[in-house]
Amino acid sequence: GVSFEHGICELIDNSIDAGSRNLLLAFSIKDDQLTLAILDDGIGIPELDENNQPADNIQLVIRYGGKLAHKGHPFPIGKFGFGLSQTATCLSTRTTVYSKVNGGLWRSCFIDQKDLEEHRAFLPPEQKNNAPTIDAYLAALDDATEFENLQQGTLVVMEGITESGYSRTGSLQNFLERELGRIYRHQLASGVSMHLVNLDSGESASKVIIRDPLCLMTDSYEVNRYGGTMPVKGHVRLIFDGVDVKSYPPIIDPVTGTHAVVEIQMVNYDVRRVYDALGVQANATVGGKEVQSRKGRTNLGRAGFNRSQQGFSLVRNGRELRSGESLGIYTKDGTSNFFKGQVSFPTCLDRLFGVQYVKNRFGIDPRLTDVLRDRCKETINGIQSATRTDTARERARSHASVTPTAEERSGNLR
C-alpha cells in the first residue's frame, strides 16, 4: 500500500515530471474526512495517443500501471506508473483528475470506490469541457498570477481520506511545510514554487521554503537559523567506470552520456552555533554522569539533532527518498547527532539502490554498501571525534550548570 505522506509525494512527482514550475496544495477536513487538492501548471495530460489519435488518457493514468511518456521532463522522477492509481485507491474514496493541454479544453475522469463496485471495476469515460472550480484556492494566494487564466495544467482532488493521521489542518500544514521543503529542496532551489492553502483557516497561502539537512543551500531555513552554511567535512565521488568502483562493470548515465556517478557529501554541524541558535546549554554533570537537560534534549530533537534524524539523506534524481539513514555505513550513536550526509544518485543506478515502486522503499546492494562504508568511514570517524571534542569544549565554556528536572525535584526533598 501507500501511506498518506508518500502518496502526496507521488502526486507531486507527477507534477514535476510534467514540467510544473508552480504547485498549489489545498486541504480541508470535514466530519473527520480530509479533502486534498493538488494543482499544477505543467503541460497537462495529452489529448492524443502515440499515433496522434484522440484518447482517454486521463482514464489511462488512473488505471493500475497506466503510464504516459513524460514530454515535460526527459528524465522523470516517476518510474513504474503506479503512483496516481495506487495513491487514489489506497487513500481516498473518490479521486477526480482534471487536466488541460495548451490550446485545449479541460477534461476530467474519476475513480470512485462505489462506482467501481457498481460497474464491475470499469472506469467511466472522460468528460470533455469540464473545467474545475479553483476560485477558493486562488483567493488564498497573495499573487495568483501564475494560476489565473491557466492555459495548461492538472488538478487532482482526493476526497474521503480517513487514514491521513491528521485531525487538524494546522498540524497537516506544519507537516507539509517541513517535509516538502526537505524532500523537494533541490527542485525548490531550481525555481519550482509550492504553496499550501489551508481552506479551514481562512488565512493566506504559505510558501514552502527550502529545508536543507546539510545546511549548505543559501536560501534554506537552516542556513538562516544557524547563521550561515556549515563546512563540508567530506566529499566522495563514486565513478562507475569499472576502475574507480571495481565491484561493477562500467555503467553509462543516459542523462550525461558519461559514466554514472554517486555524489556523497558529509557535514558536521558546529555545536556552538547550534546551541546558541536553539538556546541550549551544555550538559550538566550529575553524580559523575553527563546529563542533558530535558529542555535541551527537546530543543535538539525537534531541530533534528538526535539518533533518529542523524545520518544520510538518500537523493534520487534530485528528489529525496529517505532521510536519517545509516545506510549500513556506520552505527548510530550520540557522537553522530550533529552529522548529516547526502548520497545522490541518478536513476540509472536504481537497481543498485533497490528502488521500489513506492520510491521511499529501497535496499542497497551489499557490494555497494561495502564501497560506501570504505570510502566514508574515515570522515565519519573524524566527525565523531570532533563532536566529542566540541561538546566537551561547550561544557567547559558553560559556567552555569543546568540541573535536570528530576534532580531538582529530588534535591528539594533533601
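Over which residues does pLDDT stay under 50? The answer is residues 285–290. There the model has 8 contacts beyond four places in sequence. This is a predicted model, and the protein averages a pLDDT of 89.

**Confidence**
- A pLDDT of at least 70 is reached by 87% of the residues.
- Where pLDDT is low, the predicted coordinates should not be read in detail.

**Aromatic pairs**
- The count of aromatic pairs comes to 12.
- One of them joins Tyr166 and Phe175, with ring centres 5.5 Å apart.
- The planes of Tyr166 and Phe175 meet at 40°, so this pair is tilted.
- Phe175 has 11% relative accessibility, so it counts as buried.
- Another pair is Tyr226 and Phe305, with ring centres 6.0 Å apart.
- The planes of Tyr226 and Phe305 stand at 75°, so this pair is edge-to-face.
- Tyr226 sits in the loop between α8 (221–225) and β9 (232–239).
- Phe305 sits in the loop between α10 (294–302) and β13 (311–316).
- The pair therefore ties together parts that are 79 residues apart in sequence.

**Around Tyr226 and Phe305**
- Tyr226 is buried, because its relative accessibility of 5% falls under the 20% cut-off.
- Phe305 is buried too, with a relative accessible area of 4%.
- Ring pairs link Tyr226 and Phe305 into a cluster with Tyr269, Tyr275 and Phe338.
- Phe305 also has a charge over its ring: the charged end of Lys340 lies 5.6 Å from the ring centre.

**Another charge over a ring**
- The charged end of Arg94 sits over the ring of Phe110.
- The distance from that charged end to the centre of the Phe110 ring is 4.0 Å.

Key:
Residues numbered from 1 in each chain as written. Predicted model: local features only at pLDDT ≥ 70, side-chain atom pairs only at ≥ 80, totals over all residues. Heavy atoms only, no water. pLDDT = per-residue confidence, 0-100. Contact = heavy atoms within 4.5 Å. Phe/Tyr/Trp six-rings, centres within 6.5 Å; stacked < 30°, edge-to-face > 60°. Buried < 20%, exposed > 50% of the residue type's maximum accessible area, 1.4 Å probe, protein only. Helix = DSSP H or I, 4+ residues; strand = E, 2+ residues; numbered from the N terminus. Lys NZ or Arg CZ within 6 Å of the ring centre and 35° of its normal.
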